[in-house]
Amino acid sequence: ALFNKYLSERYASNTELSRTWSSGGKCGLSASENILNKNVTLLPATDLMRCNDGRIRDTVKFLAWVDTSFSESIKAVLRTAGYKGLFTFTNDWNGYGALYTNHKTGDYIDMHGYFDHPKQTDGKAPLESITQRSLFQLFEDLDKKFPRDYYTALRSIFVSLLDDRPMILSEWNHVAWSKYSYEGPLLLQAYAAFQGIPVVDGHTYFTHPDPAPKMEYVGNSFAIGANPLWMALYPSLSLAYVKGYIQEPEQALCWSEASSEDEYWLKTAAVGLDKINLNSMVPVTAGFRYKLRKQMYGSSSCKPGDLKPDNMTRRNSTQTGEIGWQTLKGKGVAFTVNTNKYQAVAGTMKGESIQLKDLSVTVGDHGAVTAVALDDLALQSSRRILITSVSEFDNTGSRRTSQDGRDIINVAGHGPTRLRSVQGSVTLRTRNSGRPFVYAVWPGSKFESVAEVQVKRVGDYTEVTFPLDIRK
């Protein structure tokens, strides 16, 4: 009935509807269907795609109209009640119908994205399981190797960067059980800065009501506040992000999903309402290299860069050159951020040394090392530098087994959480002379002088080398 009401408000007669739906020799309005009798059928997708473009377009537009009308009614109630904040129809849009509704009725676009999402068992043993894979290994063959969880975690963000709506990333991370969970905040901070996302929010949550909140804190894969790797990295990542140490390009790769709203709906119907990329001219990995801005349909209004689709997959870095990746001799991948005031390296390095502008890092197995200037000077001139190293962690008393290619969490364990010491070393190149002071920072703001520091003068620079495995 609602579909027929929608059609009768847009067509003056059944004859006009039939004319619009029956051209092109494909199925249109059947002889038995009449909007006056309110018996025009809302066809399922498999039948609809055999029909005329007019029927396809009107059907998909109707489905979007249902959502937008509902969204507008909710928004009106909230405004009448005095709410003056931002509004969006759904957090984590999924499909082009939802994106259209969010764009038409909302103030911003909201996204989610997880990597290696756990399978849960409703509190029964085993608790959860994950595949225990590294997202950075994707970069070894970025343009061919793109499983679904890679796709969800990053590409969905890249294709949601509209030129006339801000984006809020309200949920995105590796789960805490992953031994590679440091990859999440490093990637999020680097690409959010590069793509010009104005706010990045790291948060945790508790399941309420919970009889044992301390257990919830350490025993839930999404309670990221329980993840000491994240908490260790946050100061460096936050400072570099807020200070703008990672460059956002002035020019973007600008593109439109379709030339018109009608074409937008026809493309949407052809690929499915749940798909998130219609424009085949833009490779799915373009966001790893270029700042992106998308127009829903029509001509894009953003300032275009001199970027051509045929060379989007021929570089192992962003267009600024500050974020990059390299395949190592041991077939691991190192992800790097290389700016004047903030530098980072992470991945499965297996003892191979990675050289950045002012930082040389060696990690025995896998992990992440960041260095940020605390005095807003370039690292090679800074006199106060925070260096952070992380690898993996577990809870006291936790127990896991492996089965069918998955890590099974049999026992979550309890606090305190335990950090694995990072085996390796750091060499910092500085223009400062004199003996440097190197301190290990422990919980409770306690400082301890590091004894194993080597200082060597090389030309105009001083190289300061010290181990990462500094145990209390």
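**Exercise 1. Find the contacts of Ser260 beyond its neighbours within four places in sequence, then describe its setting.**

Step 1. Setting aside those neighbours, Ser260 touches Tyr297 and Gly298, where contact means heavy atoms within 4.5 Å. A quick note before going on: this is a predicted model, in which local features need pLDDT of at least 70, side-chain atom pairs count only at pLDDT 80 or more, and totals for chains, interfaces and linings use all residues. Residues are numbered from 1 along each chain as its sequence is written, and side-chain values use heavy atoms, leaving out hydrogens and water.

Step 2. Now place the residue: Ser260 lies in the loop between strand S5 (253-256) and helix H10 (261-271). Helices (H or I, at least four residues) and strands (E, at least two) are DSSP runs, numbered from the N terminus.

Step 3. Look along the chain: Met296 is 36 residues away from Ser260, and their C-alpha atoms are separated by 8.7 Å.

Step 4. Ser260 counts as partly exposed because its relative accessibility is 29%; buried is under 20% relative accessible area, exposed over 50%, and partly exposed in between (1.4 Å probe, protein chains only).

**Exercise 2. Work out how H4 and H10 pack.**

Step 1. Helix H4 (residues 53-80) meets H10 at an angle of about 90°, and their axes are 9 Å apart. Axes are lines fitted to C-alpha atoms, for helices over the stretch in contact, and angles run from 0 to 180 degrees between N-to-C directions.

Step 2. The two helices are therefore roughly perpendicular, a label for angles of 65 to 115 degrees.

Step 3. Pick out the residues: on the H4 side they include Ile56 and Val60, and on the H10 side Trp265 and Leu266.

**Exercise 3. Trace the sheet that holds S15.**

Step 1. Four strands make an open antiparallel sheet, ordered S2-S3-S16-S15. Two strands pair if DSSP finds at least two bridges between them.

Step 2. At the edges are strand S2 (119-120) and strand S15 (399-403), each pairing on one side only.

Step 3. S15 is joined to strand S16 (residues 406-411) by five bridges, running antiparallel. Arg400 has Ile409 in S16 as its bridge partner.

Methods. Parallel < 35°, antiparallel > 145°, perpendicular 65-115°, else oblique.
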